[in-house]
Amino acid sequence: MTDQLDDIRTSYDTVAAAYADLVQDGPPDEPVTLDLFTKLAGPGPVLDAGCGPGRLTGLLHERGLQVIGIDLSPGMIEVARRDHPDLDFRVGSMTALDLPDGELGGVISWWSIIHLPRDVVPQAFAEFHRVLASGGVLALGFHVGEESTHKTSGYGGHPMNVHVHRWMPGALTDLAVAAGFTPYLDPAIPADRLFFRK
């Protein structure tokens, strides 16, 4: 797993500035799901796991949440701190969060678990469960499907070496339930997003 995480880190260090410029907008229905996350989050800070350049972190802050952004890529964190100097950004891995047990009211991972090897995703879910307080909410964004692809360039043609793993909602739900989560069902949640309660 170490080599794969190193490849993710290096790839996103390489594209960090271009990524921030090119990926300004989320999905058109994103505000609805962010509003739901804000409503469901418990007291205490929330975590943006795989925060990239901090776009989502900033949106959550605007909704009144105390938010921590963590990303594997120091380059992404540098851009996030540049663009959102008043927010809390840290270099770290969602597979080994440097956070206390039961501290967070929510965790959101927006299209970030897609790069983790499939057999490592349960480790990330276990960490999300560990850092959440009882009743806290986990929100996931992901690409729907079953295939995996190898991404060798992106965001302006910069070299990359990452895998993109698509997931069926049922498969992710099974892993989350095995980690101790309970699905939160709402017709407003799109098919490429899932919500869970601890």
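A nonpolar core is a set of buried Ala, Val, Leu, Ile, Met, Phe, Trp, Tyr and Cys residues joined through side-chain atoms within 4.5 Å. The model discussed here is predicted.

**Cores**

The largest nonpolar core has 36 residues, and those touching the most other members are Leu47, Leu99, Val107, Phe125, Phe128, Leu138 and Leu172. The greatest contribution to this core comes from α5, with five residues. Val107 illustrates how such a member is surrounded. With neighbours within four places in sequence set aside, Val107 is in contact with Phe37, Leu47, Ala49, Phe128, Val131, Leu132, Val137, Leu138 and Ala139. Another core, of 17 residues, lies apart from the largest one and has Val46, Ile108, Trp110 and Ala139 among its members.

Ser109 belongs to strand β4. The relative accessible area of Ser109 is 0%, so this residue is buried. Not counting residues up to four places away in sequence, Ser109 touches Ala49, Met94, Phe128, Ala139, Leu140 and Gly141.

**Overall dimensions**

The protein chain has six helices and nine strands. Its radius of gyration is 15 Å, close to the 16 Å given by the globule rule for 198 residues, so the chain is as compact as a globular protein of that length. The C-alpha trace spans about 40 × 40 × 35 Å along its principal axes. Of the 198 residues, 48% are buried. Among contacts with a separation of 6 or more, 69% are between residues 24 or more positions apart.

Helix α2 covers residues 30-40, and its buried residues include Glu30, Thr33, Leu34, Leu36, Phe37 and Leu40. Viewed down the axis of α2, the buried residues fall within an arc of 155°, so they line one face of the helix. The elements that cover them include β1 (46-49), α3 (55-62), β4 (104-110), β5 (132-141), β8 (182-184) and β9 (193-197).

Which residues does Pro190 touch, if those up to four places away in sequence are not counted? They are Asp29 and Thr33. Thr33 is one of the buried residues of α2, while Pro190 is found in the loop between β8 and β9. Pro190 and Asp29 are 161 residues apart in sequence, and their C-alpha atoms are 8.2 Å apart in space. Pro190 has a relative accessible area of 16% and is buried; the cut-off for that term is under 20%.

In helix α6 (residues 169-178), the buried residues are Leu172, Thr173 and Ala176. Around the axis they cover an arc of only 100°, which puts them on the same side of α6. Exposed Asp174 and Ala178 are carried by the face turned away from that buried side. Cover for the buried residues of α6 includes α5 (121-131), β8 and β9. Gly180 follows α6 and has a positive phi, near 110°.

**Aromatic rings**

A search of the whole structure finds three aromatic pairs. The table includes two of them.

| Pair | Distance between centres | Angle between planes | Class |
|---|---|---|---|
| Trp110 and Trp111 | 5.3 Å | 85° | edge-to-face |
| Phe181 and Phe196 | 6.2 Å | 50° | tilted |

Phe181 is in the loop between α6 and β8 and Phe196 is in strand β9, so their pair ties together parts that are 15 residues apart in sequence. Phe181 and Phe196 are both buried, and both Trp110 and Trp111 are buried as well.

A charge over a ring also occurs: the charged end of Arg118 sits over the ring of Trp167, 4.9 Å from its centre.

**Backbone at Trp111**

Most residues other than glycine have a negative phi. Trp111 lies in the loop between β4 and α5. With a relative accessible area of 19%, Trp111 is buried, given the cut-off of under 20%.

Notes:
Residues numbered from 1 in each chain as written. Predicted model: local features only at pLDDT ≥ 70, side-chain atom pairs only at ≥ 80, totals over all residues. Heavy atoms only, no water. Buried < 20%, exposed > 50% of the residue type's maximum accessible area, 1.4 Å probe, protein only. Helix = DSSP H or I, 4+ residues; strand = E, 2+ residues; numbered from the N terminus. Arc of directions from axis to C-beta. Contact = heavy atoms within 4.5 Å. Phe/Tyr/Trp six-rings, centres within 6.5 Å; stacked < 30°, edge-to-face > 60°. Lys NZ or Arg CZ within 6 Å of the ring centre and 35° of its normal. Rg over C-alpha atoms; globule rule 2.2 N^0.38 Å.
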